[in-house]
Structure formats: C-alpha cells, structure tokens
Amino acid sequence: MKFKFLNFFLLGFSVTTSIFIFLTIDFIYSFYLNNYKFPHKTRNTEILKKFDNGFYDLEKSTSKKASWGKDIFYDIYINNFGFRDKSLIADYSNKAKASILFLGDSNTYGILGEWDHNYVSMIINDTGLRSINGGVFSWSPTPYLYQYKKILNYDLLKKNGLIVLSIDISDVQDEATRWEDDIYEDYPRNRLKILKNNSFFNNLRIFKNKFNNLTCGNRIILTSKLRKILNTCPRIYYTNNRFEEIIIFERSAFTWQSQEKLKHHYYPLGVDGGLNKIKEKSLQINDLAKEYNHKILIVSYPWPAQIAIKQDKINWSLFLKEICKEMGDNCIGIADVSKEFEYLSRKQKNWYSKYFIKGDIHLSEEGNRVMARIIRPFLIEFFSLN
C-alpha cells in the first residue's frame, strides 16, 4: 500500500514539476518575444477601468502594446480625456473643441490595428477636423449615451458639431443581453453580472474566462499554441476561423435567422427587445443632441453574414433609416456602408479577404478605407453649410 502511494506521489510530483518548469520557460520566452516584436514606444499597462456593476471604461493617459495573430503588432494610446488617440495628449480641449464625435464599438475604436488603419483616423487626416474617437469595444447605444454625456460634461464638442453614430450589428445582442441603465449610478451596468452575481456558476464562468485569457492569448505563447493545436480554446481566440463559420455566428444571424432559434443567444430581451433598445437609446442621444445644437449622422455597416446571406428577416440599413426618420431634421442622413459592400461583393469574389481581417468579422485597413470614403462626403457637405 505504501509502495503504491509512493508511486502515485512521485508521479504527481514529477508531472507537477514538469508543468511548472514548462510554464516558467513559456513565461520567460513569451516575455522576451513580445518585447522583441513590439516597438518600445509605450508603457505596457492595462487600459480598462472596471466598475463593481460590471461596466468598464478606458483609463486616461495610458497605453498598451497589442497584437492580432502572428504578424499584426501595434500600440494603443488612450489620451488625457480617456479616448483612443494617436498619442497620449489630445489635440482638443474645452478651449479648442472638436467638430466631430465618433460613437461606436470595436470597429470605431479600431481594436485590431494601428491608429492610422482605422476609418476615424482616415477621416481626420482627410478633413483636418478635430475629432473625438468615442468608440469602445463591446459597447452599444446604452453606453454610447453615457459616452456622449461624458463629452458634454467635458465640454469638448463645439456647437453645430456632428455626432457620427456607427451602430454595429453586434449592438443588438449587447442591448438584449448585457447593457442596461443603473438606477444608482450615472453609468450603465452589466445585466449578466447583476443577474448571476456571486453564484457558483457565475464564479466558474469568470474563472474559465480568466483561464482562457491566460492560456489562449499571447501572455504564454507556447501554452497557447499547444491548446490551439489540441483545439481546446474558444473560437474567439483563433485567427483562422473559416469563412463558413464566421457567417453563421449567432451574434450577427438575426437578419436572416428566425428569432425563435436565437432566443437563447439574445436572452432575456430577445432580438426584438435588443432592436427596441437600440432605437430607444439612439433617440435619447438625439434628444440630448438637440439641446446642444449637435446633429447626427447614422452609419450602417455590415458583418460578413449580411453580405453573404440575404437579409430576409430584418434589413439592417432599413432599420437604421427608420431611426433616422424618427429623429427628424436632426439626423442629416444614413451613410450606408452596407450598400457599398453589397455592391463591391458582386464585383469581387475575394471581397471577404480584401475588406475584412482574415478569420474575423472586423474590417481590414482596406475595409476601413471604404467606410471612410462613404462617410466623408456627408461631413464635407455638413461643415461647408455650417
């Protein structure tokens, strides 16, 4: 009996020691590899400020080294007001106010590339107008309203300024499942965190997410490669998702799939509830904009699914056009990037690889260039008249 116990003990000890040595080597290797590949421009800090109710915002005057896949490495700067920028210091203030405020989620923020590769930066460079990039990843109209109020408190957007409101396909699910007003705070709360707070399953989910972030990301590269070879990482950590998988993501399927099939993915409000929240919060942004003499341009742009699969349940651009119509004269129009991509897809068989990042739903640099080209004429006309 003692002999068997000793064998088990030695086996466990050797396995544990081997794993520890492997992880130590992996950590050292990953640390030096990341420092070698990244240019030494920024402080390697976290950029998120997190709140007890599950909400998060960007920290001020901070920066981060970021990457996507094997070959894309770039620096992220958050300026002194807490918005993504080309440097740590904004070129706008309450004495030199911005003309344009861009509101949106990860595509507006520019989550997968250099500052110059994003449509916001392209428009700023082309027009020369001071602009605020108010985009934050995984936000939607409820946080957009919070963001707009924050900018009003800072007094950063001049009178007769313009809000470019880019409403993303994923905002429907985020409004249906995640973001809601917090009656005790002036910022939104995460519905998922409130509903499941302190439960065993919620704590298990949090641990699982943290474990995946550690072992499937770029912090320990060898472990991440091993898990991906074994196909044990969640799909979001892969940079080689097949096109056939990308176009059937539930997050963008509501334009072509029945709401009944999607109800678990859009719980508790459902697809209609998410759409209604988008309209409600967009109209609240509009009401506030009227008080401060700000106009709104709504931007419609697709995920790959909206180009590849006929939108026979809900047409995304038509839905946003109805919101613009309800805003009245304060909405100067719809920049219909979706329509342009549909046109380009009929001309080019390789439209996905050209306009989207491989293995992902976000726009590539070329896709951002198309988006900037469609939005730009609205801005030029608006500011020539104002």
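Student: At what angle do the axes of helix α3 and α16 cross, and within what distance do they come?

Tutor: In this predicted model, the axes of α3 (residues 119–127) and α16 come within 8 Å and cross at roughly 45°.

Student: Which residues make the contact of α3 with α16?

Tutor: On the α3 side they are Tyr119, Met122, Ile123, Asp126 and Thr127. These meet Glu365, Asn368, Arg369, Met371, Ala372, Ile375, Arg376 and Leu379 in α16. By class, this contact has 7 nonpolar, 2 polar and 4 charged residues.

Student: What makes α4 roughly parallel to α11?

Tutor: The axes of α4 (residues 141–154) and α11 (residues 270–291) come within 8 Å and cross at roughly 15°. Angles under 35 degrees count as roughly parallel, and α4 is therefore roughly parallel to α11. The crossing of α4 past α11 is left-handed.

Student: Which residues of α4 and α11 make the contact, and how do they divide by class?

Tutor: From α4 come Pro141, Thr142, Tyr144, Leu145, Tyr148, Lys149 and Leu152. From α11 come Lys277, Ile278, Lys281, Ser282, Gln284, Ile285, Leu288 and Ala289. They divide into 9 nonpolar, 3 polar and 3 charged residues.

Student: Why does Leu363 count as buried?

Tutor: Buried means under 20% relative accessible area. Leu363 has 5% relative accessibility, and so it counts as buried. Leu363 lies in the loop between α15 (351–355) and α16 (365–385).

Student: Which residues is Leu363 in contact with, leaving aside its neighbours within four places in sequence?

Tutor: Leu363 is in contact with Asn107, Phe341, Tyr355, Phe356, Ile357, Asn368 and Met371. Two of these, Asn368 and Met371, are also among the α16 residues that meet α3.

Student: What makes strand β6 largely enclosed by the rest of the structure?

Tutor: Of the 6 residues of β6 (residues 98–103), 6 are buried, so this strand is largely enclosed by the rest of the structure.

Student: Which strands are joined to β6, and by how many bridges?

Tutor: β6 is joined to β8 (residues 157–167) by 5 bridges and to β7 (residues 131–133) by 3 bridges. Both pairs run parallel. Leu103 has Leu165 as its bridge partner in β8, and Phe102 has Asn133 in β7.

Student: How many helices and strands does the chain have, and what percentage of its residues is buried?

Tutor: The chain has 16 helices and 12 strands. Buried residues make up 51% of its 386 residues. Among contacts in the chain with a separation of 6 or more, 70% are between residues 24 or more positions apart.

Methods:
Residues are numbered from 1 along each chain as its sequence is written. This is a predicted model: local features need pLDDT of at least 70, side-chain atom pairs count only at pLDDT 80 or more; totals for chains, interfaces and linings use all residues. Side-chain values use heavy atoms; hydrogens and water are left out. Helices (H or I, at least four residues) and strands (E, at least two) are DSSP runs, numbered from the N terminus. Buried means under 20% relative accessible area, exposed over 50%, partly exposed in between (1.4 Å probe, protein chains only). Contact means heavy atoms within 4.5 Å. Axes are lines fitted to C-alpha atoms, for helices over the stretch in contact, and angles run from 0 to 180 degrees between N-to-C directions. Ala, Val, Leu, Ile, Met, Phe, Trp, Tyr, Cys and Pro count as nonpolar, Asp, Glu, Lys and Arg as charged, and the others, Gly among them, as polar. Angles under 35 degrees count as roughly parallel, over 145 as roughly antiparallel, 65 to 115 as roughly perpendicular and the rest as oblique. A crossing is left-handed if the near helix is turned anticlockwise from the far one by less than a right angle, and right-handed if clockwise. Two strands pair if DSSP finds at least two bridges between them.
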